[in-house]
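Let's take a friendly walk through a protein model. Have the sequence and the 3D view ready, and look up each residue as you meet it.

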Amino acid sequence: MDIPYKKLSSGVKMPVLGLGTWKLKQDACTKVIQDAWHAGYRHIDTADVYQNHLDIAKGLKGASREELFLVSKLWHEEHHPDQVEPALDRALKELQVDYLDAYLVHWPKKKGHLPDVIYKMDQMMEKGKIRTYGMCNGTIHHMQDVLNQGLKLYIHQFELHPLFVDENIIQFCQMQEIAITAYSPLGKGEILQHPTLVDLAKKKDRSPAQIVLAWCLHKDFIAIPKASSPLHLEQNIASCLIRLSVKEVSLIDAINENKRLIHPDFAEFDY
Ligand SMILES: NC(=O)c1ccc[n+]([C@@H]2O[C@H](COP(=O)([O-])OP(=O)(O)OC[C@H]3O[C@@H](n4cnc5c(N)ncnc54)[C@H](OP(=O)(O)O)[C@@H]3O)[C@@H](O)[C@H]2O)c1
């Protein structure tokens, strides 16, 4: 099936459902990418640190570049403006493409030259090496550091699922027209037994994962669930067809416990 697009404030159109690839590696990764492309996925989310660029490139052999929306990320150890282009060139070479559709700062650092790195990404866009850019895991403060310099952010990717909904960041992004990508949208699979989701799934004859993804799309969040089996790939893509009522959405909204599942020691969530 065709996945709908969201038009970013940069004008670029991004498929609202993508495939997360964290922890997918080697032949298993290549196979999932092939299955995903076959199922209709066009948006693939990776990162330098996932070490699967080469496996993804193998899986995308023969895929139409114009249809593909490829996202990768600049790891926090390379957050210096001089490191942006070499890291990007390395990613392009590994992924065997001439440009990325989106390049994101992975785990911004307050002392990490963030606005200069974003400025460099803007130059990479001018050069045609990326189509758009943004960050992951930033706080409002990180985002303000960039915007205060007159620079733009087009995408912000952060942890977002029914158990963890940070309304402040969401509202800030919406006000600044920064598209939101929900990562770990299925709570790493750990939220799928929640009684509200199981109940709704039963009532609507769908799976809990499909209910969560339908909720993300209803909220205008781009979602990038990771899935490894053809069944999960198919189920997740079919969530684009599910409509939730206002009442169903509010039941899912009520699940929030501000429970972050991803909190590495280098994160700056208190900045
Ligand atoms: N920017 C960042 O710092 C950052 C951090 C974390 C994640 N991410 C991105 O977000 C992506 C997704 O997050 P995630 O990998 O943490 O977790 P997730 O997508 O929330 O959950 C993945 C888990 O859900 C299971 N699953 C998938 N579809 C299912 C279905 N239909 N029914 C039941 N279970 C299903 C998967 O199982 P199977 O594998 O068995 O299908 C896997 O165990 C990552 O892969 C990565 O691309 C970005």
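The model is a predicted one, in which local features need pLDDT of at least 70, side-chain atom pairs count only at pLDDT 80 or more, and totals for chains, interfaces and linings use all residues. Residues are numbered from 1 along each chain as its sequence is written, and side-chain values use heavy atoms, with hydrogens and water left out.

**A glutamine in a helix**

Start at Gln210, which sits in helix α8 (residues 208–218). Helices here are DSSP runs of H or I with at least four residues, strands are runs of E with at least two, and both are numbered from the N terminus. Is Gln210 buried or exposed? With a relative accessible area of 7%, Gln210 is buried. The word buried means under 20% relative accessible area, exposed means over 50%, and partly exposed lies in between (1.4 Å probe, protein chains only).

The side chain of Gln210 has a polar atom 3.0 Å from the backbone nitrogen of Ser207. The Gln210 side chain also reaches the backbone oxygen of Gln235, at 2.9 Å. Leaving out residues up to four places away in sequence, Gln210 touches Gln235, Ala238, Ser239 and Ile242; contact means heavy atoms within 4.5 Å.

**Salt bridges**

How many salt bridges does a search of the whole structure find? The search finds 14, where a salt bridge is a side-chain nitrogen of Lys or Arg within 4 Å of a carboxyl oxygen of Asp or Glu. The table shows some of them.

| Pair | N to O distance |
|---|---|
| Lys31 and Asp35 | 2.7 Å |
| Asp48 and Arg90 | 2.6 Å |
| Arg65 and Asp101 | 2.9 Å |

Lys31 and Asp35 are separated by about one helical turn, because they are 4 residues apart in helix α1 (residues 26–39). Lys31 is partly exposed, with a relative accessible area of 45%.

Asp48 and Arg90 form a salt bridge. This pair links distant parts of the chain, 42 residues apart: Asp48 is in the loop between β4 (43–45) and α2 (53–59), and Arg90 is in helix α3 (residues 81–95). Arg90 counts as partly exposed, at 32% relative accessibility.

Arg65 and Asp101 form another salt bridge. Arg65 lies in the loop between α2 and β5 (69–74) and Asp101 in the loop between α3 and β6 (102–106), so this pair ties together parts that are 36 residues apart in sequence. Both Arg65 and Asp101 are buried.

Elsewhere, a network of salt bridges links Glu85, Asp89, Lys127 and Lys129.

Back at α8, look at its packing with helix α7 (residues 195–204): the angle is about 95° and the axes are 8 Å apart. Axes are lines fitted to C-alpha atoms, for helices over the stretch in contact, and angles run from 0 to 180 degrees between N-to-C directions. The two helices, α7 and α8, are therefore roughly perpendicular to each other, a label for angles of 65 to 115 degrees. On the α7 side the contact uses Leu197, Val198, Leu200, Ala201 and Lys204, and on the α8 side Pro208, Ile211 and Val212.

**Two backbone angles**

Most residues other than glycine have a negative phi. Gln51, in the loop between β4 and α2, has a positive phi near 55°. Glu177 also has a positive phi, of about 55°, and sits in the loop between α6 (167–175) and β9 (179–183). Gln51 counts as exposed at 59% relative accessibility, and Glu177 is exposed with a relative accessible area of 53%.

Definitions and conventions. Polar contact = N/O pair within 3.5 Å; in protein donor to acceptor, adjacent residues only side chain to side chain. Parallel < 35°, antiparallel > 145°, perpendicular 65-115°, else oblique.
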